[in-house]
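I opened the file to look up the pocket, the core and the salt bridges. My notes follow in the order in which I took them.

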Amino acid sequence: MIYHLNLNILIEKLLSSLIKKFYDAKLTGDVVDVWGDGTAQRDFLYVKDAASAALEIMQNLSGPVNIGSGQVYSIKEIVSEIADIADMENSYQWNPDKPNGQDYRSYDLSKLKDTDFAPKWTLRQGLEETWDWYCQHRQSPEHC
């Protein structure tokens, strides 16, 4: 799943939803309700790395190529990182009555691995930049 700064044009829904939920809860003092139990897993790739991967593919490969970081994270890990970044470690709860999503989603990255591409942004770095951007583009950035 590719994620980046401008959540208005973000196709990936999980991270955009979580960033918004944590931001809104920080403003209101509410607890974030996170769907499922956090065990579902995804491969996340920051958009700046996705751009590098696309250049590498255009210069060195042809045909369809999957892109990803090659690192799989549980939703629980993602939520924990966002909560830490937002300074809201004890302000979320899991809602197992809501759908968990597909248990595991990964991609065959063998063609991409044949290039010199390697992600440069850690998950934490990408999430921090995404959180900071979101905060700066909201009405109350002082709450971040």
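I began with terms: a pocket here is an open set of grid points with protein on both sides within 12 Å along at least five of seven lines, and its lining residues have an atom within 4 Å of a point. I kept in mind throughout that this is a predicted model.

I looked up the volume of the largest pocket and found about 380 Å³ of space. I then listed the lining, which has 16 residues; Leu14, Trp35, Ile75, Pro99 and Asn100 come closest to the pocket centre. Which elements each supply at least two residues of this lining? I noted helix 1 and strand 2. Helix 1 gives the largest share, five residues. By residue type I counted eight nonpolar, four polar and four charged residues in the lining.

Entry: Asn95.
I placed Asn95 in strand 6, which runs over residues 92–95. Is Asn95 buried or exposed? I read a relative accessibility of 17% for Asn95, so the residue counts as buried, because the cut-off for buried is under 20%. Setting aside residues up to four places away in sequence, I found that Asn95 touches Asp33, Val34, Trp35 and Gly36. Trp35 had already come up among the residues closest to the centre of the largest pocket.

The largest nonpolar core has 25 residues, and the members that touch the most others are Leu18, Phe22, Ile78, Ile82 and Trp131. Two or more residues of this core come from each of helix 1 (13–28), strand 2 (32–35), helix 3 (75–85) and helix 5 (123–136). Beyond its neighbours within four places in sequence, Ile78 is in contact with Leu15, Leu18, Phe44, Tyr73, Leu123 and Leu127. I also recorded another core of seven residues, apart from the largest one, with Leu45, Ala50, Ile57 and Val65 among its members.

Entry: salt bridges.
How many salt bridges does the structure hold? I found five. In the pair Glu129 and Lys48, the closest N and O atoms are 2.7 Å apart. Glu129 sits in helix 5 and Lys48 in helix 2 (residues 47–60), so this pair ties together parts 81 residues apart in sequence. Both ends came out partly exposed: I read a relative accessible area of 23% for Glu129 and 36% for Lys48.

Entry: Arg124.
I went on to Arg124, whose salt bridge with Glu81 has its closest N and O atoms 2.8 Å apart. Glu81 belongs to helix 3 and Arg124 to helix 5, so the pair ties together parts that are 43 residues apart in sequence. Glu81 is partly exposed at 26% relative accessibility, and Arg124 is partly exposed at 27%. Arg124 also meets the side chain of Asp84 in a salt bridge, at 2.6 Å from N to O. I placed Asp84 in helix 3, 40 residues from Arg124 in helix 5. Asp84 is partly exposed as well, with a relative accessible area of 33%. Which residues do salt bridges with shared partners join into one network? I wrote down Glu81, Asp84, Arg124 and Glu128.

Conventions:
Residues numbered from 1 in each chain as written. Predicted model: local features only at pLDDT ≥ 70, side-chain atom pairs only at ≥ 80, totals over all residues. Heavy atoms only, no water. Helix = DSSP H or I, 4+ residues; strand = E, 2+ residues; numbered from the N terminus. Buried < 20%, exposed > 50% of the residue type's maximum accessible area, 1.4 Å probe, protein only. Contact = heavy atoms within 4.5 Å. Core = buried A, V, L, I, M, F, W, Y, C linked by side-chain atoms within 4.5 Å. 1 Å grid on protein atoms, 1.4 Å probe; cavity = no way out; pocket = protein on both sides within 12 Å on 5 of 7 lines; lining within 4 Å. Points joined across faces, edges and corners; volume = space filled by probe spheres on them. Nonpolar A, V, L, I, M, F, W, Y, C, P; charged D, E, K, R; others polar. Salt bridge = Lys/Arg side-chain N within 4 Å of Asp/Glu carboxyl O.
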